[in-house]
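Here is a walk through the side-chain contacts of one protein model, charged pairs and aromatic pairs in turn. Please keep the sequence and the structure in view while reading.

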Amino acid sequence: MDILNEWNKSGNTNLTQCEEKRRISYQTSEKAIVSSLIKIVTTDGKPFKFLDSEGFNEIMDPIYNALGMNPVTSRNIMNFVSVKEQSVKENIRALAKGKLVSLKIDVATRMDKAILGINLQMIHSTLAKTEIIVKTLGMIELGESHTGIYMKNKILEVLDDYGISLDQIYSITSDNGRNMIKAVQVLNDATEESLFEENIESENLLNELDSIELANIHLVRCAAHTLQLCVYDVNKTKEIADKISACRTLCKSLRTERYRRVLIENEKNIPSLDVATRWNSTYLMLKKLLDLKDFLATQSNICVEADWDWIETYIDAFSDTYQATLKLQDKDLVYSEFFVVWMELKLKCENSYNLF
C-alpha cells in the first residue's frame, strides 16, 4: 500500500497544496555528481539498485535535468567506476614512478573467500610538506593454495599493473606466516636473477659487478601480529587456558535468554564472547565480565562461580598491552611513534609473562 497516497486521499491534500516550497541553488557539475555517486556504491558500499530507487530519483532527477546529463543508474554506473579506476591507477603510477616504496601485504578470509590485500607506502615531499602516502594497490581473490611462490606471483601481477619494479621496493610488512616470509624470500631471489638475465653471456660481466646493487627487500614483521602471538603464548598455557575457558562458559550462560532478560531489565551490558583470531576479544570478554561482578553478587538466582581475583590480575597485566595494540593499529601512527610504541610493547609483554 502506498501510505503517502492513502494519507493524501484521506483529506490532507489541502495541507500538501499549502506546503511552502523554496527555490534553492548551489554550484555543482556533472563530474562532481558522478564522483559522489561512485562513492555511494564503492566507499559507502550501497547496492547498485539504490541508484534506481524511487525516492533517490525524486531528489536526483531535477539535478540531472538542470545539468543536462543522463541519469546514472545501476546499469551504467560500472562504466563510470571503471573510468575512475583507471584515473586512480594513473595517479598512483605517476606518484610511485622511480620512487622507493614499501608494501604492506595481508590475507584475510571472509565468506569462504581468501583476499590478498596490498598497500603501498612511500614518503612524498613537496615544498610545503613531507608526508607518508598510503595507497591500496589491490584486493585480490586467491584461488589456489597460499604458497610462497603463488603469493609472489600475485604480488608481481599487481606491481606490474602499476609499473612498479622490484628494485623500487625497500621493505614488505606482513604477518609472521611462513608463506609470507617465503614470498619475500623468492621476491628477493627473483630480483637478483633478473639483474643478470641480460648480461649472463657478456664478456664484461665481471667489470660490471661493482656497479650492480643486489636486491635486498627487507621483511618487516607486523608488530600487532607479533604482539598477538606473544599473548597467545601466555593464554595457551594450561592453567590460564582453563581459567579463560571457565570465564567463557560463564559468559555463555549469562547470554542465555533466562539471564539475558535480567541483565537488560537492570540496564547491564550483556557480556561478549571472544573469538580465536583476536586476542583482545578475550581481554574485552573478561573486562565486561568483571564489570558485572558487583551486580552478580546481588543476584541470588544467578549461580556464579568465578575467580574474580584472577580476572582482575589478568586485566591489570594486559591493559597496557591492549592499549599498545590499539596504537599499533592506528593508520595515522607515524614511524617515530611506532618505534616508541614497539619498545613499550616489548617491555610490557615481558612483564606480563612475569605476572603469571
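Glu-257 has a relative accessible area of 53% and is therefore exposed, since the cut-off for that class is over 50%. The model is a predicted one. Glu-257 makes a salt bridge to Arg-261, with 4.0 Å between the closest N and O atoms. Both residues belong to helix 10 (residues 257-265), where they are four residues apart, about one turn of the helix. Arg-261 is partly exposed, at 43% relative accessibility.

Side chains of opposite charge can pair when their charged atoms come close. Another pair consists of Lys-236 and Asp-233, whose closest N and O atoms are 3.5 Å apart. Here Lys-236 is exposed, with a relative accessible area of 61%, while Asp-233 is partly exposed at 36%.

A salt bridge also joins Asp-161 and Lys-89, and its closest N and O atoms are 2.6 Å apart. Asp-161 is in helix 5 (residues 148-161) and Lys-89 is in helix 4 (residues 77-96), so this contact ties together parts that are 72 residues apart in sequence. Lys-89 is buried, at 12% relative accessibility, whereas Asp-161 is partly exposed at 32%. Both residues take part in a network of salt bridges that links Glu-85, Lys-89, Glu-90, Arg-93 and Asp-161. Arg-93 has a further contact, because its charged end sits over the ring of Tyr-162, 6.0 Å from the ring centre, and the cut-off for such a contact is within 6 Å.

The aromatic side chains come next. A pair of aromatic rings is described by the distance of the centres and the angle of the planes. The structure holds four aromatic pairs. In one of them, the ring centres of Tyr-283 and Tyr-322 are 4.7 Å apart and the planes meet at 20°, so the pair is stacked. This pair links distant parts of the chain, with Tyr-283 in helix 11 (residues 279-291) and Tyr-322 in helix 13 (residues 308-328), 39 residues apart. Tyr-283 is buried at 4% relative accessibility, and Tyr-322 is buried at 14%.

Trp-310 and Tyr-314 form a tilted aromatic pair, 5.4 Å from centre to centre with 40° between the planes. They lie four residues apart in helix 13, so about one helical turn separates them. Trp-310 is buried, with a relative accessible area of 10%, and Tyr-314 is buried at 0%. Together with Phe-318, Trp-310 and Tyr-314 form one aromatic cluster.

Key:
Residues are numbered from 1 along each chain as its sequence is written. This is a predicted model: local features need pLDDT of at least 70, side-chain atom pairs count only at pLDDT 80 or more; totals for chains, interfaces and linings use all residues. Side-chain values use heavy atoms; hydrogens and water are left out. Rings of Phe, Tyr and Trp (its six-membered ring) pair if their centres lie within 6.5 Å; planes under 30 degrees apart count as stacked, over 60 as edge-to-face and the rest as tilted. Helices (H or I, at least four residues) and strands (E, at least two) are DSSP runs, numbered from the N terminus. Buried means under 20% relative accessible area, exposed over 50%, partly exposed in between (1.4 Å probe, protein chains only). A charge sits over a ring if NZ of Lys or CZ of Arg is within 6 Å of the ring centre and within 35 degrees of the ring normal. A salt bridge is a side-chain nitrogen of Lys or Arg within 4 Å of a carboxyl oxygen of Asp or Glu.
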